[in-house]
Structure formats: structure tokens, C-alpha cells
Amino acid sequence: MLNKFNCFFVGSFKWSIFTEKQNQTEKNKIMKLLIIGGSGTIGKKVTQHFKSKHEVLVAGRFSGDVTVDIKDSNSIKSMFEKVGSLDAILSIAGDARWASFNDLTEEDYYIGIKSKLMGQVNVVRIGKDYLKPKGSITLSTGILGDYPVDKTTSAAMVNGALHSFVKAVDLEIENEIRVNVVSLGLVQDAYEKYKDYFPGHNPISMTKAVNAYVMSVEGKGRGEVIKVYK
Ligand SMILES: NC(=O)c1ccc[n+]([C@@H]2O[C@H](COP(=O)([O-])OP(=O)(O)OC[C@H]3O[C@@H](n4cnc5c(N)ncnc54)[C@H](OP(=O)(O)O)[C@@H]3O)[C@@H](O)[C@H]2O)c1
């Protein structure tokens, strides 16, 4: 009886070690990540973090392991052809024109629409074909989508559109691919440069900013707008 109990105990103990190890391996799995905008203010901190445990490739218009201009679908396609199959794609790039509503021309609005909005939509549209099943795509917007400040009708508009996009694409995207968007407040490393545009806003620590991307890439969430505003 005692022996049997001992055997059973030893057996289940071994089994629990085995499953624990399996879980650890799963958690610590080395992934291949592509970070578009990985040398920018936010991107370089995110890249630094993920490089400590995963294989990371950085993309940008002028620097990185591979070049891309997200305004151009052909450029996005050619980037993905060069990097091959991926576990996760992060986009921490995209511009929009800041100016008073009275001064913004139609062409000015198209800057944000082509770069930050359609640039990132195209990263999902094209990038999904280069992702392994259950891979993830993380886009970037910002606090202006919820709390616009002066001169941001264009920037706020594209952020809001992307928030709707990730919720809708989650209903249809195949191969269990997860698409999320990280929406940060003004980050610490950009605070001095932009603080006058954000009266009364508290800077977001770079640790919190990085963790929002970690939550998207290593968590299980899908179709989420991950908001870090304080
Ligand atoms: N800074 C903040 O406090 C803050 C807060 C919330 C949200 N955001 C948003 O987060 C994103 C990144 O912000 P950031 O402050 O890190 O910007 P950043 O310092 O200007 O860095 C942008 C990065 O994206 C790349 N990039 C820019 N345009 C590109 C394009 N058309 N195609 C490919 N790569 C491009 C740049 O590299 P190259 O120059 O080599 O192309 C650079 O590495 C932006 O969309 C921004 O609106 C920023």
C-alpha cells in the first residue's frame, strides 16, 4: 500500500516536473520577431527588451536589418520576402501631420492615412501570409485616439480608425493569428520634446511602454486595444 502510494506519488511528481518543464519551454520559446520602427524612440526600448530572449529583426526606412517604407505596399511585400517566416510582427512606426484644423489640407490628412493608418493596415494585410499559425501582429496608435489635444484632428482620426480595425479584423483573420494595437500616452523618452503639446499629461515610463508590447506578443489577447495612459 505504502509502496503503491509511493510509486503513485513519485510517478505524479515526475509527471508534474515534466509538464512544468514543458510549460517553461513553451513560455521561453525563442521566437522570430520583426520590429518595424525598431530603432525609434519607443522601438529601440522594445527591441532591446525582446533581444534578450528572442531573435529580433529591425526594419525602418533608413536603418535596420531590412529597409521598408510602410507607405508603399510593394516595399512591405519585399521586406517580408527578405525576412521569411515569423512568429510576431510589431509595427512601431507611422506618421500623421499635426496642424490646426483650419490649416490642415486634404493632402495633409492623406499623410496620416497613407502612413500610420494604411501603412499599418497593409502590414497586417500582407504580413499575415508570412506569419506562422498562432503568430501575432502588434500595431501602434496612441492616446490621441481617446484624448485628442490641440492640432491633432488627423492624428486622432487615424488612431481611432486603427482601434476599430483591430477589433474587426480579429473576427476574420485566419490561422489563429492575433492582432492587437498598443496605444500609449506620451512616453518618458519623448516627454521633453512634446510636453508642451500635452498640458497636464504624465509621462509613461519606458518600462510600462515596453510591457504593453510584451503583453501583446507573449500574452493571449486578440483584437485588443492595449491602452497605457498613466
Ligand atoms: N513618442 C510617444 O510618446 C508616442 C506615444 C504614443 C504613440 N506613439 C506612436 O508610436 C509610434 C512610434 O513613435 P516614436 O516616438 O518611437 O517615433 P520615432 O522616434 O519617430 O520612431 C519612428 C520609427 O519608425 C520608423 N519609421 C518612420 N516612418 C516609417 C515608415 N514610413 N516606414 C517604415 N519605418 C518608418 C523610423 O525609422 P526610419 O527613420 O529609419 O524610417 C523610426 O525607427 C508612432 O506612430 C507614434 O505616433 C508615440
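1. The crossing of α3 and α4 is right-handed (left-handed if the near helix is turned anticlockwise from the far one by less than a right angle, right-handed if clockwise). On the α3 side, the contact is made by Ser73, Ile76, Lys77 and Phe80. On the α4 side, Asn122, Val123, Ile126 and Gly127 take part. Two residues are in contact if their C-beta atoms, placed from the backbone, lie within 7 Å. By class, this contact of α3 with α4 has four nonpolar, three polar and one charged residues. Ala, Val, Leu, Ile, Met, Phe, Trp, Tyr, Cys and Pro count as nonpolar, Asp, Glu, Lys and Arg as charged, and the others, Gly among them, as polar.

2. Basis of the note. This is a predicted model: local features need pLDDT of at least 70, side-chain atom pairs count only at pLDDT 80 or more, and totals for chains, interfaces and linings use all residues. Residues are numbered from 1 along each chain as its sequence is written.

3. The axes of helix α3 (residues 73-83) and α4 come within 10 Å and cross at roughly 45°. That makes α3 oblique to α4. Axes are lines fitted to C-alpha atoms, for helices over the stretch in contact, and angles run from 0 to 180 degrees between N-to-C directions. Angles under 35 degrees count as roughly parallel, over 145 as roughly antiparallel, 65 to 115 as roughly perpendicular and the rest as oblique.

4. Overall layout. The protein chain has seven helices and seven strands. From the N terminus on, the order of elements is α-β-α-β-β-α-β-α-β-α-β-α-α-β. Helices (H or I, at least four residues) and strands (E, at least two) are DSSP runs, numbered from the N terminus. Of the 230 residues, 35% count as buried. A residue is buried if 20 or more other C-beta atoms lie within 10 Å of its own, exposed if 12 or fewer, and partly exposed in between; C-beta atoms are placed from the backbone. Among contacts with a separation of 6 or more, 62% join residues 24 or more positions apart.

5. The sheet. Seven strands form an open sheet in the order β3-β2-β1-β4-β5-β6-β7, with parallel pairing. Its edge strands, β3 (66-67) and β7 (225-228), each pair on one side only. Two strands pair if DSSP finds at least two bridges between them. β1 and β2 pair in the parallel sense over five bridges, with Val56 in β2 as the bridge partner of Leu33.

6. Strand β4. Five of the six residues of β4 are buried. Four bridges join β1 to β4, which run parallel. Ile36 stands opposite Ser91 in β4. Four bridges also join β4 to β5, again parallel. Here Leu86 stands opposite Leu131 in β5.

7. Helix α2. Ile42, Gly43, Lys45, Val46, Thr47 and Phe50 are buried in α2 (residues 41-51). The buried residues of α2 pack against β1 (32-36), β2 (55-60), β4 (86-91) and α7 (206-218). The axes of α2 and α7 come within 9 Å and cross at roughly 65°. The two helices are therefore roughly perpendicular to each other. Their crossing is right-handed. Ile42, Lys45, Val46 and His49 in α2 meet Met206, Ala209, Val210, Tyr213 and Val214 in α7. These residues divide into seven nonpolar, one polar and one charged.

8. Gln120. This residue is found in helix α4. Is Gln120 buried or exposed? Gln120 is buried, with 28 other C-beta atoms within 10 Å. Not counting residues up to four places away in sequence, Gln120 touches Ile70, Ser91, Gly94, Leu139 and Leu162. The C-alpha atoms of Gln120 and Ala93 are separated by 8.2 Å, with the two residues 27 apart along the chain.

9. Backbone points to check. Most residues other than glycine have a negative phi. Lys134, in strand β5, has a positive phi of about 70°. Lys134 is exposed, with 11 other C-beta atoms within 10 Å. Glu176 has a positive phi near 55° and is found in the loop between α5 (153-169) and β6. Glu176 is exposed, with 12 other C-beta atoms within 10 Å.
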